[in-house]
Amino acid sequence: MDLHLIAAQLLNGVALGAILALVALGLTIVFGLLGFVNFAHGAIFTAGAYGGWVIYTKTGSFVIGIVAALATAFVLGIVIERLLIRSYYNRPPEDQILVTFGLAIVIVEAIRGIFTGQTQTFETPSWGNGVLNVAGIFYPQYRLEVIAVVAVTLLAIYLLIYKTKIGLIVRAGIDDPLVVSLLGINVKRTFMFVFAMGAALAGLAGVFDSPLLAVNPDMGTDVLVQSFVVIVIGGVGSFGGAIVGGLIAGEIISLATAFIPDYSQALLYVAMAFVLIVRPQGLFGVVGRS
Amino acid sequence: MADSRRTFLTTSLGAAGALAASGFPFPRVSLAADDSLFLGLLCDQTGSYSADGEDLQKGYELAIEELNAGTGVMGKVLGGKKGVLGKKVTYKIADTQTKPDPAVQRATEFITQDKATMFTGGVSTAEVIAMEKIAQQNKVLFMTGASGSNDTTGKDCQRYAFRSQCDAYMVSKALAPVLAAKLGKKRRAVYLVPDYSYGHSLADSMKEFTEKEGWTTVAQVVAPFPTSDYSSYLTNIANANADTFVNIEFGNDGVSSTKQAAQFGVLKKMQLVVPNISTYFADGVGAEIMAGVYGTLPWSFRLQERYPMAKMFVESFTKKFGIRPRWTAQIAYDQIAIWADACYRAKSIASADVIKVLEEGHPIELSLGKVYYRAGDHQQVRPVPIVLGKKPEAMQGKDDFFDILEVVPGESVMQPLNLTGCTLPPV
Amino acid sequence: MIARPWRLTHPRTALAVMAVFLAAFPTLMSLLGGDVTLASRVLILATFGLGVDLIFGFTGLLSFGQAAFYGTGGFVAGYLMLQHIVPNTLLALAIGTVAAALCGVVIGALSLRQVGVYFAMLTLAFGELFFFLENSPLRAFTGGESGLPGVPRATIPLGFTTIDCTSAIGTYAFIAVIYFLGYLLMRRIIASPFGRVLRAILENPERAAASGHDTLRYKLVAFTIAAAYAGMAGGLLGVFQGYMPPDAFGIDTSGEIIVVTVIGGAGTLIGPLVGAFVWIYLQHALQNVSAIAGIWKLILGLIFVGLITGFRRGIVGGVTALLRARRKRTA
């Protein structure tokens, strides 16, 4: 066994896992805190990518593109929550799944209608070009930068949720909305904010992933399904679970491609099924959160 | 809650209704009538091969326009006659999405609803093989679009289908000796292969002929078709002990895999060989990467320096579309020309009659010189241009990416009939 | 979720109406600018939907992986016919259906312990698993990305003669007969005591369990039946198209059949037929109007979202409610 190859694939798995973790985090926050599963998460990922692409091609600045992606996704999240999701909190899970599934179709087809189904090129930003030597492994600079940015983002979200007053209100609002509203805090607005934040994370992941994937209306489908795998493995509603689950999923994809390529994609779903059967709450999840 | 729900309900249903009403579906009128005939065109307008599909579509459109007007190359081939046997040619274009299922569905509709005389198109071998079977089942002639797998005129050959593009065997047999001469005989190659018929076919043929020249095949890395992120595969490739990277990927996949290969430093370590270069490959990866890359193109506008018909084709195409044609356009155009000529010879547009004439193999002078179809497997006998990517400074025009090193005659590289595995079913 | 009293119209009337409709359907399609091949496509989806309606509309199980069974039935039947191992179409379809049902038992046994979102995600995972298995490791049998071209038309040797359905209308007749039998069978299932327990599970799972029913066993049987219907539909697709596409296993197919069932009306049995008609007809009609060709799916998506939000019983449910309201007024 070539150690060098294994090390390279491990690093690759971290890069893949970083994006997955970011997407999964948005999903798990919404699911864990709102009890709501958002099948439109992949569509929002795509919307963010397109928002970023439009602005990036117009301005030539990737950073402004990132801001545009965040804004697109955040606004989209607010609009969806306000107009539609809000009336679904007390409906059965099947309805929630179906409506977000339908929303996903609407969003993706609207994008396809506006931008056509053609794949759009998204150039790697100039500060991302090049290859870095990481302990003897040659790896694209951009992917390493993505790992770094994702890590920073995850840290920021963590601090926001667990170390700030806003985060405290959000967490309390989910645990006990009645008490929180009695304290004079607007629970509805809190829910909307959380949903929009989850959406923003998806949009951010979308714009980061665009130089690596092809920008087309269907780019979010695979990501959505893979992020389901991540939150199942990591545990629904768990912050750490999204990260660990993302890394595990990334490594499964990467190592499987290296050694058993024929089964590389199937293996991810085998892992997901296995966890769901044997330990449905995932590695870090809490049993009983429905 | 109920109010906002009702409002949402009414607005969304209203929006949907308005959209639907704006496109009230009128009964489908068949375009085939007594003084016209209908051709069904299947082009990949979306999906991985959409750029090639767009070029293909333009080729068809020009061909049918000139066929009806009796001008251009078409006019030369048919002696200025307009239309086909007095009938105007009408057509519709369907998007196959670079997937076989939509291709099959739309092709079937062209046959059953529009009463197509002939249908043509498809850029991926998966689509083409599926459509070949539809042609055979419905007994309607199908001229393939782009398809490079040996199987298309090999184990999947059909009486009612004819294939124009040079197959993997021809490409490899023509390219390998040139590679050995220019790059040396003791090279170590690693392959990136899309996981379907075309990919495996071309990889196997390249392996066969390069190994005959003395090369070693270090590894074949197989990726699903389509794929967008090649990082895991390229990590394997970068760590393979090789000095030559043979990229079999095509279309958008070809472009993204090559760009990512550059990002992974693979192209710094290894010589890139692209045995079959898709139409907009060079535009996608850029001239910097393309420089010094060896490969084949089924046709290039540079061939207008050799073939007068190519010059005429390039001129009318550029006049109509403002850009020069690529090789899928050439396949589209020349195929319609050969078909129309066969109809005149057969004095009939019925598929069975036209097939008989095509099998007679009359060479027709077109953009690659004289070409004709081989009766045994319906593979077109045509030369294979070997190309080398130009340095950016040497380009004369933003689509002038290649120098033509050699044009290998078709007869010398055809796969022997007994090896193709083709048994043509009866008419 | 969708809780209402199920009242079957008199069986003989319903079946007679269905038979008449099936006979007139190709003509209806032609009048609307389609043709008999579209009618066949609608019936294939409707057959698929009968099973989905059983588990979703009557038992409340939302599965996003039904394509696994659709594809399995289609590829097993298609492969057997293509390789001339089983030239008798009916027999090949039957084997495909059994294969799909077996997969249903296995996946159901593994998945049905979960409910709600977890069940949905688990079925989604299995659906994707089947898709990727079809794509790579089993490529030799399934053709991988290319699918299985050349599936022969329906051939039914009856001993004294052979029925060859080579014409479009012949193929339609074959599919229509199978759909009719499937519909008949499903009505029986719903009306039976077994069906009543399923509906009880839909309305109140705890109460059903408390009444002494082994709800898991009932769900598993229903899931297996749905898988069988999916498998038969997949087989019919191969015969109809002369080609078995890898898309049959895709996540889009799983999503499509859910959309079709909900739009038509879940829990009505004819809902999937109506939904399939709307889906396929709209796709066909709009694709030739170039201005809005690409957005037929957007329109259907909007309708879908609207229906879930308000008209949860879909088109059929909406129509029946209107009729009932009118009857009440005139009474």
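I looked up helix α8 (residues 231–238) of chain B, which lies across β6 (188–194), β7 and β8 of chain B and runs at about 170° to β7(B). Axes are lines fitted to C-alpha atoms, for helices over the stretch in contact, and angles run from 0 to 180 degrees between N-to-C directions. Helices (H or I, at least four residues) and strands (E, at least two) are DSSP runs, numbered from the N terminus.

The model is predicted: local features need pLDDT of at least 70, side-chain atom pairs count only at pLDDT 80 or more, and totals for chains, interfaces and linings use all residues. Residues are numbered from 1 along each chain as its sequence is written, while chains are lettered from A and ligands numbered from 1 in the order in which they are written.

I next noted helix α9 (residues 251–263) of chain B, which packs on the sheet and touches β6 and β8 of chain B. Its direction makes about 160° with that of β8(B). Contact requires C-beta atoms, placed from the backbone, within 7 Å.

I then traced the open sheet of seven strands, whose order is β7-β6-β8-β9-β10-β14-β15 (chain B), with mixed pairing. Two strands pair if DSSP finds at least two bridges between them. Because β7 (216–223) and β15 (402–408) of chain B stand at the edges with a single partner strand each, one side of each has no neighbour in the sheet.

Finally, I examined the contact between chains, which takes 33 residues from chain C and 32 residues from chain A. On the chain C side, α5(C) gives the most, with 13 residues.

How values were computed. Contact = placed C-beta atoms within 7 Å.
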